[in-house]
Amino acid sequence: MTLSRPSSRPLVTVALLVAVALSVLTTGCSKPSGTGTATTPSIELLNVSYDPTRELYKDINTAFAKHYLAEHGTEVSIKQSHAASGSQSRAVIDGLEADVVTLATWPDVEAIAKSGLVKTDWQHRFDNGSIPYHSVVVFVVRKGNPKGIADWPDLDRDGIEIITPNPKTSGNGKYSFLAAWGSVLAAGGSADDARGFVERLYRRTPVLDTGARAATATFSQKGIGDVHLTFENEAHLEVDESKGALEIVYPKRSVRVDPPVAVVDGNVDRKSTRHAAEAYLGFLYSPEGKAIVAKHHYRPWTADAKGPPAGFPEIETFDITFAAGSWDDAMKNLFGEGGEFDKIYQPSGASN
Amino acid sequence: MNKNPPTSIPTRRARQRTVLPGFGLSAAITSLMIVGLVVIPLAVLILRAASLGPAGFLAAAWTPRARAAYAVSLGASLAAAIISSLLGLLVAWVLVRLEFPGRRILDALVDVPLALPTAVAGLVYSTLYVEKGWLGQILVPVGIKGAYSRLGIVLVLVFVSLPFAIRVVQPVIESLDKDTEEAARLLGASKAQTFLRVVLPGILPAVVTGFALALARALGEYGSVVFISGNMPFKTEIAPVLIVSRLEEFAYAEATAIAVVLLGMSLSMLIVVNVLQQRLARNAQ
């Protein structure tokens, strides 16, 4: 069909689209009442999350639904929404009816709290500051580690190209920046040393992808760069996917990646789903939940744990507070307009 | 038009009424749609940006980095729109005037870029043109960098804007009277003369409209460009990337300020092109 001949086709198309939309809507609406038997009450939760957790929560949801039905006799079906963490946060603020949020960074949940939808004490609702699992920033290198990259100082060598997404648009990128910055401080360097190191790193970053998965594609599919900085859980997916072409290197120390979770108070109270929503996030701390979390290469949190969880290599970690003071400071001084990251890039004959 | 006898006006009005039944209702729905879908969102955009005040607006939207990004956006979009309209004219001509096997398939393929998520296009293009990609293996050694360069941005922008350039010109070529061309040839005009003096004036307004649509489409494109440009500040960073950066900081007003500049650029280009197009259309008559 071309746009050139005006005919009755557009009308037919519109009519068809409307019909399809209507049928989808009606089946969508009739489903909840159709699936539950008359005796089993059923509720629906919406978990608004970020991109890399898709596979993790698919497994968590199945296990939790079984658990909740056995425990409380209520059927729960959990809907998922995945996109970049920052835009998910804005979507919830703007009215996406999330029951729980499981986002990448503290500022993304804090922004929802500032809007009033999440109570300001959200960090004290669950153990470990509402962080049920964490990850670390690690290196992914080509098979056999041809450039001999073992730790952060190796990234400072001439000719080593680094792949990491833009910290201004990506949570993964922010953590990689903080990892590089903090690695210098942790080794006894000054803020100036850190600034110099990070600047040299980004000068040898040939591409600034806007998101984590795009950076993964740049490194693994397009074969650009010598080392890819990313979360441990993402690194495992990337290496598994590469069928032996890539491998993980653990630096001596790295930043701890702390993705927080929260119940969206404003929404659960209106929808009367608080009990299930809290149980859902609490499930992440249960032995069964932890096993699933670990299976997806996130490090589950355990009270009074010494050393890494079983199956995870030892790595010295520092947190945001150490690397940048606080998230607010990091957002302003490092990633904000005119901050440390922006200062790396100056107008320079702007040619290609 | 002015020479029409006044008596002809009532009959024309009467005919219009029968052609468009329920004029009041249609007009109401149309204006409601335009207000709801275009005017209100744009008004909100401008109000948000205006909340910064003049100094704040300039500080957000007129930094050296933002200016560099506008230049990249505008330059690449102009280049892409020029290529698209020339290529679009050629493709439309071939599709209308030439009969060859597979013509209908080709015709259907033209719309594919409209249906494909543009991020997919960006990813595919960059994978092809990087040093180790299928095309990059051949092109990079001879100095053609089709990925992570401004050339790459132009490539994907041509991809996303080409359908507009083709589909606008196509019906006009279809409606061209072949007899006029034959008459011109019979009267002794050369092939070139026939094309330049007889064919081109008729389709040029449509080509210009296609150019405008392609340009507007290219200026706002984000999904495909971010995968192929490399997003290097001052080099290949486009303005929409800056908007997303500011949104990540929850700096809505600053983000909309950049959007307003982009919108202003887009609108003024469209106005210029519209004036040009009207002049051409008048000359063609």
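Two residues are in contact here if their C-beta atoms, placed from the backbone, lie within 7 Å. With that in mind, I will present a model that is predicted.

I begin with a pair of helices in chain B. In α10(B), the residues Thr180(B), Glu181(B), Ala184(B) and Arg185(B) meet Thr194(B), Val198(B) and Val199(B) of α11(B). By class, this contact of α10(B) with α11(B) comprises three nonpolar, two polar and two charged residues. Helix α10 of chain B covers residues 178–186, and helix α11 of chain B covers residues 191–220. Their axes come within 10 Å and cross at roughly 140°. The crossing of α10(B) past α11(B) is right-handed.

I turn next to the contact between the chains. Chain A contributes 27 residues and chain B contributes 31 residues. On the side of chain A that touches chain B, α3 (85–93) and α8 (212–221) of chain A each supply at least two residues. The largest share of that side, three residues, belongs to α8(A). Sorted by class, the side of chain A that touches chain B holds 12 nonpolar, 11 polar and four charged residues.

Finally, I consider helix α4 of chain A, residues 106–115. Which of its residues are buried? They are Trp106(A), Pro107(A), Asp108(A), Val109(A), Glu110(A) and Ile112(A). The buried residues of α4(A) pack against α3, β3 (100–102), β9 (261–263) and α14 (327–334) of chain A. Just after α4(A) comes Gly116(A), with a positive phi of about 100°.

Technical notes:
Residues are numbered from 1 along each chain as its sequence is written. Chains are lettered from A and ligands numbered from 1 in the order in which they are written. This is a predicted model: local features need pLDDT of at least 70, side-chain atom pairs count only at pLDDT 80 or more; totals for chains, interfaces and linings use all residues. Axes are lines fitted to C-alpha atoms, for helices over the stretch in contact, and angles run from 0 to 180 degrees between N-to-C directions. Helices (H or I, at least four residues) and strands (E, at least two) are DSSP runs, numbered from the N terminus. A crossing is left-handed if the near helix is turned anticlockwise from the far one by less than a right angle, and right-handed if clockwise. Ala, Val, Leu, Ile, Met, Phe, Trp, Tyr, Cys and Pro count as nonpolar, Asp, Glu, Lys and Arg as charged, and the others, Gly among them, as polar. A residue is buried if 20 or more other C-beta atoms lie within 10 Å of its own, exposed if 12 or fewer, and partly exposed in between; C-beta atoms are placed from the backbone.
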